[in-house]
Amino acid sequence: MNPYIEILRPGNALMGAISIVLVALIDKTFSIPVILAMIAVFFETAAGNVINDYFDYKIDLINKPERPIPSGRISLKNGRNYAYLLFLAGTICGFLISYLTGNWIPFGIVLIADIVLYLYAYKLKATPLIGNLTVGFMTGFGFVFGGFSINTPNIITTSLFLGFFAFVMTTAREIVKDIEDIEGDKADGAKTLPILIGEKKPAILAAILIIIDSALCPLLYYYHIFGVLYLVVIAIAVILFVYSAVLILKSQERSVAAKVSKNLKIGMLIAFVAFVFGSFDFLQLIPI
């Protein structure tokens, strides 16, 4: 794969853009601002990935030496400039959304995202818990950005609910990833929670967040945000979430943490599918 595509982690960036797709499906809205919002989230997420690899060069030499920058396929200078270009592209998209809708909140959200993503990569990632919360916040922010890009009262409220769900689960996953990457983080002098207080307490915190989010999932049906099919699909995600919580509580070995991190990512993808199914009452389409 071309290193300039690989460093974007396109799957990760597309997953970010999915938040806009989901919000648009829920509101049953498809417009130019929605398309621009998808592109903006893709660029911003990709920019965050690239600038993170730029600042994490030394850590990745230990944890992930095959990545484009530590492997030498992209120079540090080119990686930095590439990130700046992606940030600029995302910001232009945010400006266009606000210009077309007459609502300047989306542009403000993108500007905040630029600052937070850069500060996260530069300093916040190595700050205990703050770095984890920042990643969770930015993930949830994608749903809120989608809501304000569409800009109707009901979808804004729904996007805030979905954003909170994404915030909590992503924060839990980031804590688990810190357990997984503890050796490389120690070598770079980072001060993550597992390094400061050991792996057990962060594992408990991650498990609590996972359980809280899992328990809140039925509320999206209870408050009539999604239909009954949402419950069917989200049950699969909840089972995977709870299983992952049990795993990380039982063992904090690197291999277990890696498995839990992967499970949580898969579970979130399943949850996204549940959101899609739940946004349509497919039962009405079945002739009786």
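Which residue forms a salt bridge with arginine 73? Glutamate 6 does, with the closest N and O atoms 2.8 Å apart. By salt bridge I mean a side-chain nitrogen of Lys or Arg within 4 Å of a carboxyl oxygen of Asp or Glu.

Quick note before going on: this is a predicted model, where local features need pLDDT of at least 70, side-chain atom pairs count only at pLDDT 80 or more, and totals for chains, interfaces and linings use all residues. Residues are numbered from 1 along each chain as its sequence is written, and side-chain values use heavy atoms, leaving out hydrogens and water.

Okay, back to that pair. Arginine 73 is partly exposed at 37% relative accessible area, and glutamate 6 is partly exposed too, at 24%. Here buried is under 20% relative accessible area, exposed is over 50%, and partly exposed is in between (1.4 Å probe, protein chains only).

The whole structure has six salt bridges. Another one joins arginine 9 to aspartate 53, with 2.2 Å between the closest N and O atoms. Arginine 9 counts as partly exposed, at 24% relative accessibility, while aspartate 53 is buried, at 1%.

Then there's glutamate 174 with lysine 177, at 3.5 Å, N to O. Glutamate 174 counts as buried at 8% relative accessibility, and lysine 177 as partly exposed at 24%.

Last stop, isoleucine 179. At 0% relative accessibility, isoleucine 179 is buried.
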